[in-house]
Amino acid sequence: MWWFQQGLSVLPVALVVWSAASFVFSYITAIVLHHVDPLVPYISDTGTIPPERCLFGIMLNISAFLGVATVYVRYKQVHALNPGKSKIIRLNKMGLALGLLSSFGLCIIANFQKCILYYIHVVGACLTFGVGAIYMLVQTILSYLMQPELHSKDVFWVRLTVFLWCCSSIVSMFISSVVLYSGLYGADLVQKLHWDPQEEGYTAHIISTASEWSLAFSFLSFFLTYIRDFQKISLRAVVSLQGQTLHNAPQSFVPDEQTLLIAGSI
């Protein structure tokens, strides 16, 4: 059995690989078609013009679904390991809500492009990365509270490091974006897809775009830390037959006992 076949570890692996592929494939398509500059464009700029916009949208929607599944399984795992600790239960529920909200923000990013509906796109980005950063903080705190009985110290320190990486990327992106869109370097920069290195504001633009890519990959790196935890999870699906036919049989013909059809690990 391969390592990604153990338990549900394939779930965070699929989330990370698929999300990274959605960024890379749309970037390559946009570069080949000369829709953006090769040097670190905004991730959103690589999903603005067809056909990469279509690819970007559908792949991120699937990433959002994988994110929901991963967040929910993580919630169930922590809940099962700490059935009686009220503090952990509250944090776990908060993490579930934050994770679902962050995944919903990813759907907004996928379906409302930056150059078309900018403010809605920004709302999606804030939900994905802003709320997502709080989700990372909650999970890091949970890792701290669950050590050393249920989590090793190494897992906590790795997640804390990735969280700090995420926060530094957010701060860098925010400051450079405020400087870039302050009006000092012209108007309608949101619609600008090509930059000349000699232009004013180019340095702020590069810092902002590099910070966005760093932020995105800090998120992916955080979900990679779930792999070992998810290797210890196995879900069971049980299907029960309520009757011997698929018709609405009379009550007297419906057996009282439920017939087990399937019971297996997924």
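Predicted model: local features only at pLDDT ≥ 70, side-chain atom pairs only at ≥ 80, totals over all residues.

Biologist: Which helix gives the largest share of the lining of the largest pocket?

Modeller: The largest share is 10 residues. The helix that gives this share is H4.

Biologist: Now the second largest pocket. Which residues lie nearest its centre?

Modeller: The second largest pocket holds about 350 Å³ of space. Its lining is made of 18 residues. Nearest the centre are Gln 77, Leu 81, Asp 229, Lys 232 and Ile 233.

Biologist: Which element gives the most to the lining of the second largest pocket?

Modeller: The lining has 18 residues. Two elements give two or more of them, H2 and H7 (227-230). With 8 residues, the element that gives the most is H2.

Biologist: How many charged residues does the lining of the second largest pocket have?

Modeller: By class, this lining has 9 nonpolar residues and 4 polar ones. Asp 229 and Lys 232 are among the residues nearest the centre. The charged count for the lining is 5.

Biologist: How many cavities of 30 Å³ or more are there, and what is the volume of the largest cavity?

Modeller: A probe the size of a water molecule, rolled over the atoms, shows where empty space is left. The count of cavities of 30 Å³ or more comes to 1. The largest cavity has a volume of about 40 Å³.

Biologist: Which residues line the largest cavity, and which helix supplies the largest share?

Modeller: The lining is Tyr 75, Val 78, His 79, Asn 82, Ile 88, Ile 89, Asn 92 and Lys 93. By class, these are 4 nonpolar, 3 polar and 1 charged. H2 and H3 (86-111) each supply at least two residues. The largest share, 4 residues, comes from H3.

Biologist: H5 and H6 pack together. Are they roughly parallel or roughly antiparallel?

Modeller: Their axes lie 8 Å apart. The angle between H5 and H6 is about 155 degrees. Angles over 145 count as roughly antiparallel. H5 and H6 are therefore roughly antiparallel.

Biologist: Is the crossing of H5 and H6 left-handed or right-handed?

Modeller: The contact of H5 with H6 has 13 nonpolar, 10 polar and 2 charged residues. H5 and H6 cross at about 155 degrees. The crossing is left-handed.

Biologist: On to the backbone. Where does a cis peptide bond sit?

Modeller: The loop between H1 (10-32) and H2 (52-81) includes Pro 51. Omega for the cis bond is about 5 degrees. The bond joins Pro 50 and Pro 51.

Biologist: Is His 34 buried or exposed?

Modeller: His 34 belongs to the loop between H1 and H2. Its phi is positive, about 60 degrees, although His 34 is not a glycine. Exposed means over 50% relative accessible area. At 63% relative accessibility, His 34 is exposed.

Biologist: What is the relative accessible area of Val 40?

Modeller: Val 40 is in the loop between H1 and H2. Val 40 has a positive phi of about 30 degrees, and is not a glycine. Val 40 counts as partly exposed, and its relative accessible area is 26%.

Biologist: Last, the whole chain. What share of its residues count as buried?

Modeller: The chain has 7 helices and 2 strands. From the N terminus, the order is α-α-α-α-α-α-α-β-β. The C-alpha atoms fill a box of roughly 80 × 50 × 35 Å. Of the 266 residues, the buried share is 43%.

Technical notes:
Residues numbered from 1 in each chain as written. Heavy atoms only, no water. Buried < 20%, exposed > 50% of the residue type's maximum accessible area, 1.4 Å probe, protein only. 1 Å grid on protein atoms, 1.4 Å probe; cavity = no way out; pocket = protein on both sides within 12 Å on 5 of 7 lines; lining within 4 Å. Points joined across faces, edges and corners; volume = space filled by probe spheres on them. Nonpolar A, V, L, I, M, F, W, Y, C, P; charged D, E, K, R; others polar. Axes fitted to C-alpha atoms, helices over the stretch in contact; angles between N-to-C directions. Parallel < 35°, antiparallel > 145°, perpendicular 65-115°, else oblique. Left-handed = near helix turned anticlockwise from the far one by under 90°.
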